Amino acid sequence: MTGGLSEIRPVLHRAARIVSQQTGGGPEPEAIAVAGGRIAATGTVTQLRDRFPGAQEVDFGDAAVVPGLNDAHIHLAIAAEDLLHLDLSADAVGGVEDLLGHVRAEASRAAPGEWIRGSRYDDTKTGRLTRWDLDRAAPGHPVLVVQVAGHWGVANSAALQALHIDEDSSPPDGGDFGRGTDGRLDGRLIERALMNVVYPATARGDSPLRPSSPQEKLRGLSRAQRQWHAAGLTSVCDALIAPEDIALLRRARARDELTLRVGMLLSIDHYAAAQALGVGSGFGDDVLRLVGVKAFVDGAIGGRTCLLAEPYSDSGGHGLQTTPTEELSAQVRAVHRDGNRIGVHANGDAAIRLVLDAFEAAQREMPQPDLRHRIEHCSVIDADILERMRRLGAVAVPFAGYVGYHGGALNRWYGEERTERMFAHRSFLDAGVAVAGSSDYPCGPYQPLLGIQSMVTREGADDGVPVGPSQRISAREALGVFTLGSAEAEGTSRYKGRLEPGCLADFTVLGEDILTVEPEGIGSVPVRATYVGGECVHEG
């Protein structure tokens, strides 16, 4: 048994199986003692009872307890807003006509001229959507539907008019307007053209979308937290934060309504304000803290806009670079100079190389060997990219659940040779590159067990198609990605990701042991309870 006696009387938690991931290995404990929000001690039940006579006991029976699941790249503020509007995901709608029915019903309830908004539309699973479809469903309203990857959306004619976009308009730098075969605008707002409208954290210029009130956003935040705790999440890193999002989270905390631990990547567009205040990586505490800064260099995997060295397999083209190379280099240099961590969104191999160039240049000019930057998504890699990341100590934050969600479509879009180098968890682990667990919700499923299943099986959940099977990892490794790896990515690995004395008492109680269950069943293992700081925040 290890650990010291806390002044606070501990609570003993026991289960049929505890996966502690303790430093140095050794036999797994039968129970953990929790006091003051931390693990006070671990050991056998008898040892802990002797050490803490009369302590309250919680027996989880035949359950398995694992360290709290931690999503290193997810979008809490965006989800809080999206949950106030239409869910148009493939799980919620049965096709384009069903989607339009949801839009039509929402329009019938809305005030005249009010914006109708929806998210998580999947063109591959649901079908193609155009401005004219949306015109037909809601002729008296501007409508904007965001595609599941979050990097393009479809606006109807009234929305285009409200945005002052017509057939002669020029798209913004780093963005585009979609056009049909006849050359007319089809309603698609691509990359920066969408971001300027729908994402306050990175928007440049004013948007006609009415921001939700603080009270409305708190309601959306509460819904998101309930869903995510029910999936086993104890910690997240919101990967695109603006000052108003920080205010929302602080307001929730002041009201005792922030039950997730939240790390934050501040949008690079707001970094000057943080510099002026002297606020940087690590500012905050164990509940709400700044992890670093977020920048972008290319588009999306599911949106088929990421920057590739070789063309897309089905459609040609190389994708989009959304930030000019000189601007990216200046952003990395500024954040690195201040001793802060930057996470750069880079999906395609051509984009990742641009990021590594910037990281290497910053380290040469201003050596800070202990400063470990992140590559968000880091989707398409090769041996050279792996070696450069290893030398830099860069952290990879790839999608965990994309193979499960997209399935064989990935092979069609990128080709089977390239999918063997995508979401390359096996390659990262073998090369000694730190790799974190990420859903990128709302772009992928938020449930971490689905992400773990996807990493283990590398098969589509709907079609069973193998996608890059050489990148399969074990269930134990996948659990480590969503715990230890995510802690590494946020700079908290000293006290998160393990169930051992001194660590935060964050743990997830599962109905089955995901290390021994059939891999295809990992995603359906029930979450019986979720604990943050020793407090139960979900009970199934």
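1. A quick term before we start: buried here means under 20% relative accessible area. Keep in mind, too, that this is a predicted model. With that cut-off in hand, look at strand E4, residues 38–43: 5 of its 6 residues are buried, so the strand is largely enclosed by the rest of the structure.

2. Who sits beside E4? Strand E3, residues 31–35, pairs with E4 in the antiparallel sense, over 5 bridges.

3. On to the sheets. At the E12 end, E12 and E13 (residues 185–191) pair in the antiparallel sense over 4 bridges, and Phe 177 has Leu 189 in E13 as its bridge partner.

4. E21 (residues 527–532) and E22 run antiparallel and are joined by 4 bridges. To find your way along that pair, note that Ala 529 has Glu 539 in E22 as its bridge partner.

5. H8 and H9 (residues 243–254) pack at an angle of about 70°, with their axes 10 Å apart. That makes H8 roughly perpendicular to H9. From H8 the contact uses Pro 214, Lys 217, Leu 218 and Leu 221, while H9 brings Asp 245, Leu 248, Leu 249, Arg 251 and Ala 252. By type, the residues of this contact divide into 6 nonpolar, no polar and 3 charged.

6. Next, H12 (residues 349–365) and H13 (residues 383–392). How do these two lie relative to each other, parallel or antiparallel? Their axes come within 11 Å and cross at roughly 30°; angles under 35 degrees count as roughly parallel, and H12 and H13 are therefore roughly parallel to each other. H12 passes H13 in a left-handed crossing. The H12 side of the contact is made by Asp 349, Ile 352, Arg 353, Leu 356, Asp 357, Phe 359, Glu 360 and Gln 363, and the H13 side by Asp 384, Ile 385, Arg 388, Met 389, Arg 391 and Leu 392. The residues of this contact divide into 6 nonpolar, 1 polar and 7 charged.

7. Then there is the pair H18 (residues 448–457) and H19 (residues 475–490). Their axes come within 9 Å and cross at roughly 135°, and the two helices are therefore oblique to each other. The crossing is right-handed. Pro 448, Gly 451, Ile 452, Met 455 and Val 456 in H18 meet Ala 475, Ala 478, Leu 479, Val 481 and Phe 482 in H19. What kinds of residue make up the contact of H18 with H19? They divide into 9 nonpolar, 1 polar and no charged.

8. You will find Leu 307 in the loop between strand E16 (288–296) and helix H11 (325–337). Is Leu 307 buried or exposed? Its relative accessible area is 12%, so Leu 307 is buried. Leaving out residues up to four places away in sequence, Leu 307 touches Asp 298, His 318, Gly 319, Leu 320, Gln 321, Gly 348, Asp 349, Ala 350, Ala 351 and Leu 354. One of these, Asp 349, also belongs to the H12 side of the contact with H13. Leu 307 and Val 380 are 73 residues apart in sequence, yet their C-alpha atoms are 9.7 Å apart in space.

Key:
Residues are numbered from 1 along each chain as its sequence is written. This is a predicted model: local features need pLDDT of at least 70, side-chain atom pairs count only at pLDDT 80 or more; totals for chains, interfaces and linings use all residues. Side-chain values use heavy atoms; hydrogens and water are left out. Buried means under 20% relative accessible area, exposed over 50%, partly exposed in between (1.4 Å probe, protein chains only). Two strands pair if DSSP finds at least two bridges between them. Axes are lines fitted to C-alpha atoms, for helices over the stretch in contact, and angles run from 0 to 180 degrees between N-to-C directions. Angles under 35 degrees count as roughly parallel, over 145 as roughly antiparallel, 65 to 115 as roughly perpendicular and the rest as oblique. A crossing is left-handed if the near helix is turned anticlockwise from the far one by less than a right angle, and right-handed if clockwise. Contact means heavy atoms within 4.5 Å. Ala, Val, Leu, Ile, Met, Phe, Trp, Tyr, Cys and Pro count as nonpolar, Asp, Glu, Lys and Arg as charged, and the others, Gly among them, as polar.
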